[in-house]
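Please look over the sequence and the model shown below before reading on.

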Amino acid sequence: MDQLTLPAIYPLISALCVFFLGLFVFIKNPKKPLNFTFSLHALSISLWLFGTFMMFLNVDNYDMAIFWDRFIYGSVVFIPAFMYHFCLALTERRPNKLLYIAYALSIIFFFLSRTDYFVYDLFVYEWGVHTKAAFFHHIFLLYFTSYVVIWFFDVYRYYKELSSPFLKYQAKYFFAAFLILFTIGPTAYLPAYGISIYPFSYLSGLVFSIILAYAILKHRFMDTTVATGKVVTYLLTFLTIGFFGYAVSVLSSTFNISQSYQVISSAVLAGILFKPLFVAYENF
C-alpha cells in the first residue's frame, strides 16, 4: 500500500461526511421513507468514495487497484435506483415502473461490473489510477444520466407545485445539494476514458454533506433535531481520529508495515480514542 496522498484524502473526507450524514438521518427516523431512502443513497455514495480512497492507496498494485475499482462500481451502479427511490419519497409518490426498472438495471450492471465487459486494465495518471471503460460501461452511463435528468425534472416540477414555504425550502436545499453532487461528481468517470482530470470531483460529497447538514441544523429537515454543540463535538472527535489514522498510515509506510496491519491498527486506535476524545471535547 502506498503512502496517503492528497488526492486520496479527498474521497476519504467526503466518504466519512456522507456516511455519517446518512447514518444520522437514518437513526433519527428509520421508518420514514424519506429518511430511509436518503440513507440508502448516502451509503452508495460513501462506498463509492471509500473504494476510490482504497484504489488510490493501491496505485502500484495492479490487481488490488482493479479489485477496488470493481468494488466502487458495485455501489455506483445502484446510485440511480436509490436516488430515484429517494425522489419518490421526497415528492410523496408511490413506487412506479421507473423505480422497478432502475433496480432491475442496477442488479444487471452489478453483475456486469464484475467482468471485463464493463471495466478492464488500468489508466495510470500522476494523481492515481482508474480502470478502462468497456462497452457496458457506456450503456451504464446512459442509464445513469437518464435517471439524473429524471430526478432533477421531477424535483423541480414538485417544487413549482408546492405551496408550503417549509417544503419549498426543503426541496430547494435538496436540489442544490444534488446539483453539486451530480455536476461535479460525474467528472470522476472521465479518467475511465483516458481523460486525466485532477480528482476534485471527489470533494463533491463534502459539499453535498455541508449543504444538507446546514439544512438539517437550521430547518430540521427530514424530521431531524440535533444540538449544534453535539455536532461540533462529533466533528472534532472524528477529525482528531482521522489525524491519528493518517499518522499511523505514514509511520506504517515508512517502516514498510503491511496493509492489513495498518487497517487493523487504525481501527483499534479509533475504538480506543473515540470515547475519551468525545468526552474531552464535550467538557472543553
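The charged end of Arg114 is placed over the ring of Phe110, at 5.0 Å from the centre of that ring, and Lys168 lies over the face of Tyr159, 4.1 Å from the ring centre. A charge is said to sit over a ring if NZ of Lys or CZ of Arg is within 6 Å of the ring centre and within 35 degrees of the ring normal. The model is a predicted one, in which local features need pLDDT of at least 70 and side-chain atom pairs count only at pLDDT 80 or more, while totals for chains, interfaces and linings use all residues. Residues are numbered from 1 along each chain as its sequence is written, and side-chain values use heavy atoms, with hydrogens and water left out.

**Aromatic pairs**

The structure holds 41 aromatic pairs. Rings of Phe, Tyr and Trp (its six-membered ring) pair if their centres lie within 6.5 Å, and planes under 30 degrees apart count as stacked, over 60 as edge-to-face and the rest as tilted. Two of these pairs are set side by side here.

| Pair | Centre to centre | Angle of planes | Kind |
|---|---|---|---|
| Phe56 and Trp127 | 5.8 Å | 65° | edge-to-face |
| Trp68 and Phe71 | 5.1 Å | 70° | edge-to-face |

The pair of Phe56 and Trp127 links distant parts of the chain, for Phe56 belongs to helix H2 (residues 33–56) and Trp127 to the loop between strand S1 (119–124) and strand S2 (129–133), 71 residues apart. Helices (H or I, at least four residues) and strands (E, at least two) are DSSP runs, numbered from the N terminus. Phe56 counts as buried because its relative accessibility is 4%, and Trp127 counts as buried at 11%; here buried means under 20% relative accessible area, exposed over 50% and partly exposed in between (1.4 Å probe, protein chains only).

Trp68 and Phe71 are three residues apart in helix H3 (residues 62–76), so about one helical turn separates them. Trp68 is buried, with 11% relative accessibility, whereas Phe71 is partly exposed at 28%.

H3 has 15 residues and reaches 21 Å from its first C-alpha to its last, close to the 21 Å expected at 1.5 Å a residue, where the expected span is 1.5 Å times one less than the number of residues. Among the buried residues of H3 are Ala65, Ile66, Asp69 and Arg70. The buried residues of this helix pack against H2, helix H4 (79–90), helix H5 (97–112), S1, S2 and helix H6 (135–161).

The end C-alpha atoms of H4 are 16 Å apart, which agrees with the 16 Å that its twelve residues should span at 1.5 Å a residue. Eleven of those twelve residues are buried, so H4 is largely enclosed by the rest of the structure. Its buried residues pack against H2, H3, H5, H6 and helix H7 (165–184). H4 is followed by Glu92, whose phi is positive, near 60°.

**The two strands**

S1 and S2 pair in the antiparallel sense over five bridges, and two strands are taken to pair if DSSP finds at least two bridges between them. A hairpin of four residues joins S1 to S2, and Leu122 stands opposite Thr131 in S2. S2 is mostly covered, with five of its five residues buried.

Leaving aside residues up to four places away in sequence, Phe182 touches His41, Ile79, Met83, Phe144, Val148 and Phe152, a contact being heavy atoms within 4.5 Å.

Thr237 lies in helix H9 (residues 228–254) and is buried, with a relative accessible area of 0%. Thr237 and Leu277 are 40 residues apart in sequence, and their C-alpha atoms are 5.9 Å apart in space.

The protein chain has ten helices and two strands, which follow the pattern α-α-α-α-α-β-β-α-α-α-α-α along the sequence. Buried residues make up 45% of its 284 residues. Among contacts between residues at least 6 apart in sequence, 72% join residues at least 24 apart.
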